[in-house]
Structure formats: structure tokens, C-alpha cells
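Please load the model in a viewer and follow the selections below in order.

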Amino acid sequence: MNETLALGLDELLTTTRSVRRRLDFSRPVEREVVEQCVEIAMQAPTPSNLQNWHFVIVSDPKKKMALADLYRKGREIYVTLPSATANVDFGDPERNAMQQRIEESAQYLNSNFQEAPVLVVPCIEGRTDSPPGTEIPGWGQVPPVLLQSAQWGSIAPATWSFMLAARARGLGTCWTSLHLYFEEQAAAILGIPYAEVMQACLLPLAYTKGTTFKPGKRDPMDSIVHWDDW
Ligand SMILES: Cc1cc2nc3c(=O)[nH]c(=O)nc-3n(C[C@H](O)[C@H](O)[C@H](O)COP(=O)(O)O)c2cc1C
């Protein structure tokens, strides 16, 4: 295994940020390091131990550009939505300022996505967007929420493990989803069998400029914890 940063476990868990402006596009990412991160991601749980995640690792400049262009097209749609980062008014100047910083950082990634040495597309066998009543192979007909839980509950923890393993090795990532407006086109670029395999997100992966990151600002815990009753 490559050397990992001297981070405490809680520090790793609280300082794995969405890195955009501090991605070092000039430093190559070794295949071995990517494989170490996948190896760690594969320790995540799956229902019935299906192990049905896949990680498509993209380093081909033409494919990276094609994915980045799809992301940019998706973001053009997203920025018009009321829930877009720049359009939400939290009624709190401090929170609004934070949103503005995220927006600027997101714009930077938007313009430079293809520059990341590696893009990663975590995928899961089995789509959750089949029409209602469709038999899902191996699942039959199940409540949609159960299928969603099975699929996202498998790929999200594995992806987060990948992101944590990357951070531990001095690399940064950012969970992004806007290329999914054009998921089928992305599948065609990468040869992913779209009908059977669902993409979860698109991660830029690069070493970071500096390795010190701070915990993000979050709402008070009281607003989200419900003991015994909502
Ligand atoms: C499901 C999901 C989708 C996201 N999509 C995007 C995206 O498309 N583009 C982007 O720049 N950031 C995206 N983010 C990153 C969030 O903006 C980021 O997590 C949030 O601002 C908090 O920042 P932090 O992760 O550094 O704490 C996404 C995060 C999640 C969990």
C-alpha cells in the first residue's frame, strides 16, 4: 500500500471535503493508487453480499472531455432550478455567503472538469428507474423504496469509502451528479450497458494542493436528531 497521511480516523471522516479548486491537475494519479482505493471501496456492504458495484476509471483525454461536456450541459439545466446552489436564499447572510463560495468553486470545476487526471464513474448493476411494476431480475416486484435502498445503499457507501481512501492518500474528489441528465450518452461513451447498469455519480480524482482540510460548517445537530419520536 502507498503511504497514507497521518490523519486520525475522526479527522479523516470530518475533513473529506468536496474538493474542486484545490485539485492539482498537473500531478498524475498512479493506477496503483486508484486500485488501492477501489480495493477499500469493495469492503462496503451489499445486500446478499451481491458485490454488484463497478468503478469505471477514465483517463483517456477524449473520453474525459466528452464526459466533462455532458456535465456542463447538465449544469446549464441545473443552474436554472430554484434549488440550485446560487438560487437558494437561506435568509441568513452567513449561510448565503457559504453558498456563494460553493457556487464559485462549482463553476471552477465546471470549467476544468476534463483537467482532472482521472474521472471515476461508480456504477451499480440494476437500475432503480425501471417503470413501476417491472420485474427487476433477482428482485421480482418489491416496493420501490426497498429497491432504491438496496441500490443506493450499496453504491453510496462504496463510493464514500473510495473517497475516504483517496483523501487518506492525499487525493481529493467531489461527488457530482449533473452528467446524469445525459446518463445514456455517458454510458455510450464508456461502453456501460445502460439498460442493466446505473451510474451513481462522476468523481474527479486528483492529488490535492496541500493536504490540510477543515470540517465543513453544518446546521446544529438538534435540527436533525429525533430521539424516540420525530
Ligand atoms: C448527491 C450529491 C450530488 C452532488 N452533486 C454535485 C455536482 O453535481 N457538482 C458539484 O460541484 N458538487 C456536487 N456535490 C457536492 C456538494 O455541493 C457538497 O457536498 C456540498 O456543497 C458540501 O460540501 P462538502 O462536501 O465539502 O462538505 C454533490 C454532493 C452530493 C452528496
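Select helix H3 (61-78), helix H4 (93-112) and helix H5 (144-168): each supplies at least two residues of the lining of the largest pocket. Helices here are DSSP runs of H or I with at least four residues, numbered from the N terminus. A pocket is an open set of points on a 1 Å grid over the protein atoms alone, where a 1.4 Å probe fits, with protein on both sides within 12 Å along at least five of seven lines; lining residues have an atom within 4 Å of a point. The model is predicted, with pLDDT of at least 70 required for local features and 80 or more for side-chain atom pairs, while totals for chains, interfaces and linings use all residues. Residues are numbered from 1 along each chain as its sequence is written, and side-chain values use heavy atoms, without hydrogens and water.

Next, centre the view on Arg17, Ser18, Arg20, Ile102 and Arg218, which lie nearest the centre of this pocket among its 36 lining residues. The space amounts to about 1,300 Å³, a volume being that filled by probe spheres set on the points, joined across faces, edges and corners. H4 gives the most to the lining, with nine residues.

Tyr71, Arg72 and Arg75 of H3 meet H4 residues Glu103, Ala106, Gln107, Asn110, Ser111 and Asn112, contact meaning heavy atoms within 4.5 Å.

Finally, move to the second largest pocket, which holds about 290 Å³ of space. Of its 15 lining residues, select Glu125, Gly126, Ile136, Pro137 and Glu196, the closest to its centre.
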